Every structure is written in C-alpha cells, then in structure tokens.
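I opened my notebook to look up side-chain contacts and surface features. The entries are below the structure.

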Amino acid sequence: TQSTWGYLEKMLYRKAERISSTLPHLSEHVAASGNDPAKIVCIPNGVDLTPYTPDASYDGGEGRQLVVMYVGGFGLDHDVPTIIRAAKLLQDAGDTTFRFVVIGGGVRKAEAEEQVRVYQLRNLELREPI
C-alpha cells in the first residue's frame, strides 16, 4: 500500500547519510517528508557548455536530419512505445526533420520491434545494447 511505501521512503531518507539524485527539487520533497534536505546531492543530467567557446562556423545543423536518440532499457517503466508513436506521427505527416535511433534491450524490446514493423517506420532504427 501507499502508506507502506511512504513509511519505507521516509525511513530510508532518515537512515541515509547522503542521497544522490538527478532531480533538482528532491530536497523539497525530502524536507516535506520531515527529513534533512541537506543530505541531497543533485547531479543533473546534461552538460555545462559555459567553458566552451562557440564555433562561429557551426550553422546549427541547418538542412540536416536531427537525430533523436534513446539509450536505455525497454522495461515496463521505460516508455519506449511513446518514442515509437512519435516517430509514426512524424512519418505519417511527411516530416523528415527527425531520425530516431533507439538502443537497448529488455522485456518490452520484442513489443517495440513489432510496433516498428507494423508501422513500417523508416525514420526509426532499433539497435542492440552496447
């Protein structure tokens, strides 16, 4: 039940020495649960580009397909079917701006392969995990 999970969550926050997360506002959630938000260390996804000098010759990829890439699991809690549906919507609309590359494996991989086959997607490539 929710109360069991809530109790377990609060207990783990209380017993943890440090908690690392990619969620920038987890400290607010931890504080709201009655625990110390100072235990949180946020390690955000992404890259800080400020140390790099922009290349004036870069045109932003004008005229080239943009690659949308997902690398990860094909589990029950990974919504790869939404990526596949997005590729289908774009293909059906005749939009060739994007090419999708989906890399990974898991319990929903066969389902994803079947969707790609049924939709006859030419703008999405499934690859095996590295």
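My entries follow, by topic.

**Ground rules.** I am working on a predicted model, where local features need pLDDT of at least 70, side-chain atom pairs count only at pLDDT 80 or more, and totals for chains, interfaces and linings use all residues. I number residues from 1 along each chain as its sequence is written, and side-chain values use heavy atoms, with hydrogens and water left out.

**Salt bridges.** I looked for a side-chain nitrogen of Lys or Arg within 4 Å of a carboxyl oxygen of Asp or Glu. The structure holds six such salt bridges.

Arg-99 lies in strand E4 and Glu-125 in strand E5 (residues 124-127), so the pair ties together parts that are 26 residues apart in sequence. Strand E4 covers residues 98-105. I take helices (H or I, at least four residues) and strands (E, at least two) as DSSP runs, numbered from the N terminus.

How exposed is Arg-99? I find it partly exposed, at 31% relative accessible area. Glu-125 is also partly exposed, at 31%. My classes are buried under 20%, exposed over 50% and partly exposed in between (1.4 Å probe, protein chains only).

Glu-125 also meets Arg-127 in a salt bridge, 2.7 Å from N to O. Shared partners join Arg-99, Glu-125 and Arg-127 into one network. Arg-127 is partly exposed, at 35% relative accessibility.

The C-alpha atoms of Arg-99 and Asn-123 are separated by 5.0 Å, though the two are 24 residues apart along the chain.

**Lys-109.** Which residue does Lys-109 bridge to? The partner is Glu-128, with 3.4 Å between the closest N and O atoms. This pair links helix H4, which holds Lys-109, to the segment after E5, which holds Glu-128, 19 residues apart. Lys-109 is buried, at 8% relative accessible area. Glu-128 is exposed, at 56%.

Lys-109 has a ring contact as well. Lys-109 lies over the face of Phe-74, 5.2 Å from the ring centre. My test is NZ of Lys or CZ of Arg within 6 Å of the ring centre and within 35 degrees of the ring normal. I noted another case: the charged end of Lys-88 sits over the ring of Tyr-119, 5.2 Å from its centre.

**Helix H4.** Which residues of H4 (residues 109-119) are buried? I list Lys-109, Ala-112, Gln-115 and Val-116. Seen down the axis of H4, they fall within an arc of 120 degrees, so they line one face of the helix. I take that arc from the directions from the helix axis to the C-beta atoms. The face turned away from the buried side carries the exposed Ala-110 and Arg-117.

**Nonpolar patch.** Trp-5, Tyr-7, Leu-8 and Leu-12 form a nonpolar surface patch, with about 480 Å² of accessible area together. Leu-12 sits in helix H1 (residues 2-15). Patch members have over 30% relative accessible area and no salt bridge; nonpolar side chains (Val, Leu, Ile, Met, Phe, Trp, Tyr) are joined within 5 Å, like charges within 9 Å. Areas come from the Shrake-Rupley method with a 1.4 Å probe; for residues, only the protein chains shown count as cover.
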